[in-house]
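Dear colleague,

I am passing the structure below on to you, and my notes on it follow. Please read them with the structure open beside you.

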Amino acid sequence: MASKPNRRKLGAQRHADGKLRCAWCPADPLYLAYHDTEWGVALHDDAALFEMLCLEGAQAGLSWLTILRKRETYRKAFDGFDAEKMVRYGAAKRRRLMQDPGIVRNRLKVEAFISNARAYLEIRGSLGSFDDYLRQFTGGKVLRRRPLYLSDVAQSTIHSDAMSKDLKRRGFRFVGSTICYAFMQAVGIVDEHQRYCWAAGKTP
């Protein structure tokens, strides 16, 4: 009986369309589209960055595919992640959120979204740009790595440590260093497609 491959030693994997992709990307069409068109692509829109940071926090303890499948219902439930509306959520709205099957009904995570909205608006008010604030942790640079194996993909770095610490200081929740690093990868602050993944060649 053949032994299962060591997942940590997996390199880019070939999919049915013939393309090599990062080994963490399953064959689910929704995940393929996310990997191919979003993950690692530089995102600069403040509202979109706020949404992604919240969703990365919602993933804690779950799979990213679970959150991807719920992303549209999250957007509806949280008014398109309009932070100015979110900070005004009262008890009735919070109860409705906890009854919404389209999101992860975890009270701590729901409350975190609302407190994150407040902290996000404070950054916008004092610094002007959430994008600039986030990118200061890498000196405004995109950190590009091309790990060969899954085991070479970082879980956190000194940059995500610093981001996590400062976000927490400003009142954000569900922003540990591992979550922050996944967020940095997702929004293109870090570009870490595996070596030989076809998407690795999309950026200079």
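**Notes on the structure**

Gln155 counts as exposed because its relative accessibility is 56%, where exposed means over 50% relative accessible area, buried under 20% and partly exposed in between, with a 1.4 Å probe and protein chains only. This is a predicted model, in which local features need pLDDT of at least 70 and side-chain atom pairs count only at pLDDT 80 or more, while totals for chains, interfaces and linings use all residues. Residues are numbered from 1 along each chain as its sequence is written, and side-chain values use heavy atoms, with hydrogens and water left out.

Gln155 lies in the loop between S3 and helix H8 (158-169), helices (H or I, at least four residues) and strands (E, at least two) being DSSP runs numbered from the N terminus. Leaving aside neighbours within four places in sequence, Gln155 is in contact (heavy atoms within 4.5 Å) with Ser177, Thr178 and Tyr181. Its C-alpha atom is separated by 14 Å from that of Gln194, which is 39 residues apart from Gln155 along the chain.

The axes of H8 and H9 are 8 Å apart and the angle is about 115°, axes being lines fitted to C-alpha atoms, for helices over the stretch in contact, and angles running from 0 to 180 degrees between N-to-C directions. H8 is therefore roughly perpendicular to H9, given that angles under 35 degrees count as roughly parallel, over 145 as roughly antiparallel, 65 to 115 as roughly perpendicular and the rest as oblique. The crossing of H8 and H9 is right-handed, that is, the near helix is turned clockwise from the far one by less than a right angle, anticlockwise being left-handed.

Helix H9 (residues 177-186) packs against helix H2 (residues 46-58) as well, at an angle of about 135° and with the axes 9 Å apart, so that H2 and H9 are oblique to each other. Here Leu49, Met52, Leu53, Glu56 and Gly57 in H2 meet Ile179, Ala182, Phe183 and Ala186 in H9. By class, that contact has 7 nonpolar, 1 polar and 1 charged residues, with Ala, Val, Leu, Ile, Met, Phe, Trp, Tyr, Cys and Pro taken as nonpolar, Asp, Glu, Lys and Arg as charged, and the others, Gly among them, as polar.

The largest nonpolar core has 58 residues, of which Phe50, Tyr74, Phe78, Phe81, Phe130, Met163 and Phe172 touch the most other members; such a core is a set of buried Ala, Val, Leu, Ile, Met, Phe, Trp, Tyr and Cys residues joined through side-chain atoms within 4.5 Å. Leaving aside neighbours within four places in sequence, Phe130 is in contact with residues including Leu49, Phe50, Leu53 and Phe172. Phe50 and Phe172 are also touched by Asn116, together with Cys54, Gly171 and Arg173, not counting residues up to four places away in sequence. Asn116 is found in helix H6 and counts as buried because its relative accessibility is 2%.

Helix H6 (residues 107-127) also approaches helix H5 (residues 91-98), their axes coming within 10 Å and crossing at roughly 135°.

With best regards
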